[in-house]
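Here is a short briefing on one protein chain. Keep the sequence and the 3D view open while reading.

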Amino acid sequence: FPGGKFKLKNLVIDYDKRNVFIDDVEVKLTQNEYNILALLSGRCGKLLTYATIIKEIWGSSDEGSVKKLQVNMANIRRKLGCTPGDNRYVINELGVGYRMLDE
C-alpha cells in the first residue's frame with residue numbers, strides 16, 4: 001500500500017504518516033508495534049509465522065524473540081481496544097504466527 005491507507009472495519013493505517021486510527025482517534029504505537037501492524041496489514045489474510053515476523057522486524061531471532069513478539073502483539077491489541085480472545089483485527093494461530101483479517 002505505498003502512499004496509501006489500509007482500512008479494516010474501524011481501523012485505519014496511514015502508511016505515509018505512520019499513523020494508526022480507530023474511529024478517527026489516533027492510537028499511539030511504538031516503532032516496533034507500528035512495524036508489526038504494518039507488516040501484517042501489508043500481507044492481509046496471510047498467516048505470517050513468528051519467525052517471519054521476527055526476522056522482518058528485528059532482523060534476527062534470539063531466545064526471547066517469540067516472547068518479545070507476543071508482548072508487542074498483546075500491547076497492540078490492547079491499544080486497538082481488543083480484549084483477550086477478541087480477534088477483531090489480528091488472529092493468533094497458536095504456536096505458529098499471526099494473521100491480519102481481511103474483511
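Which residues line the largest pocket? They are Gln 70, Met 73, Ala 74, Arg 77, Cys 82, Thr 83, Pro 84, Gly 85, Asp 86, Asn 87, Asn 92 and Tyr 98. The model is predicted. The points below take the pocket, then the whole chain, then selected residues.

**Largest pocket**

- The volume of the largest pocket is about 160 Å³.
- Helix 3, residues 65–79, supplies the largest share of the lining, with 4 residues.
- By class, the lining splits into 5 nonpolar, 5 polar and 2 charged residues.
- The lining includes Arg 77 and Asp 86, and these count as charged.

**Fold and overall dimensions**

- The protein chain has 3 helices and 7 strands.
- Along the sequence, these elements run β-β-β-β-α-β-α-α-β-β.
- The radius of gyration is 13 Å, close to the 13 Å that the globule rule gives for 103 residues, so the protein chain is as compact as a globular protein of that length.
- The C-alpha trace spans about 40 × 30 × 25 Å along its principal axes.

**Burial, contacts and surface**

- Of the 103 residues in the protein chain, 40% count as buried.
- Take the contacts between residues at least 6 apart in sequence: 47% of them join residues at least 24 apart.
- The accessible surface of the protein chain is about 5,800 Å².
- Carbon and sulfur atoms hold 51% of that surface.

**Loop between strand 3 and strand 4**

- Asp 23 sits in the loop between strand 3 and strand 4.
- Asp 24 lies in the loop between strand 3 (19–22) and strand 4 (25–27).
- Most residues other than glycine have a negative phi.
- Asp 23 has a positive phi of about 50 degrees, although it is not a glycine.
- Asp 24 also has a positive phi, of about 65 degrees, and is not a glycine.
- Is Asp 23 buried or exposed? Asp 23 counts as exposed because its relative accessibility is 52%, and the cut-off for exposed is over 50%.
- Asp 24 has a relative accessible area of 73%, so Asp 24 is exposed.
- Asp 24 and Val 12 are 12 residues apart in sequence, and their C-alpha atoms are 8.0 Å apart in space.

**Loop between strand 1 and strand 2**

- Asn 10 lies in the loop between strand 1 (5–8) and strand 2 (11–14).
- Asn 10 counts as partly exposed, because its relative accessibility is 24%.
- Which residues does Asn 10 contact, leaving aside neighbours within four places in sequence? They are Phe 21, Ile 22, Asp 23 and Tyr 89.
- One of these contacts, Asp 23, belongs to the loop between strand 3 and strand 4.
- Asn 10 and Tyr 89 are 79 residues apart in sequence, but 9.7 Å apart in space, C-alpha to C-alpha.

**Glu 33 in helix 1**

- Glu 33 is part of helix 1, residues 31–42.
- Why does Glu 33 count as buried? Its relative accessibility is 3%, and buried means under 20%.
- Beyond neighbours within four places in sequence, Glu 33 contacts Lys 28, Asn 72, Asn 75, Ile 76 and Lys 79.
- Among these contacts, Asn 72, Asn 75, Ile 76 and Lys 79 fall within helix 3, residues 65–79.

Technical notes:
Residues are numbered from 1 along each chain as its sequence is written. This is a predicted model: local features need pLDDT of at least 70, side-chain atom pairs count only at pLDDT 80 or more; totals for chains, interfaces and linings use all residues. Side-chain values use heavy atoms; hydrogens and water are left out. On a 1 Å grid over the protein atoms alone, a cavity is a set of points where a 1.4 Å probe fits but cannot get out, and a pocket is an open set with protein on both sides within 12 Å along at least five of seven lines; lining residues have an atom within 4 Å of a point. Grid points are joined across faces, edges and corners, and a volume is the space filled by probe spheres set on the points. Helices (H or I, at least four residues) and strands (E, at least two) are DSSP runs, numbered from the N terminus. The radius of gyration is taken over C-alpha atoms; the globule rule is 2.2 Å times the number of residues to the power 0.38. Buried means under 20% relative accessible area, exposed over 50%, partly exposed in between (1.4 Å probe, protein chains only). Contact means heavy atoms within 4.5 Å. Accessible areas come from the Shrake-Rupley method with a 1.4 Å probe; for residues, only the protein chains shown count as cover.
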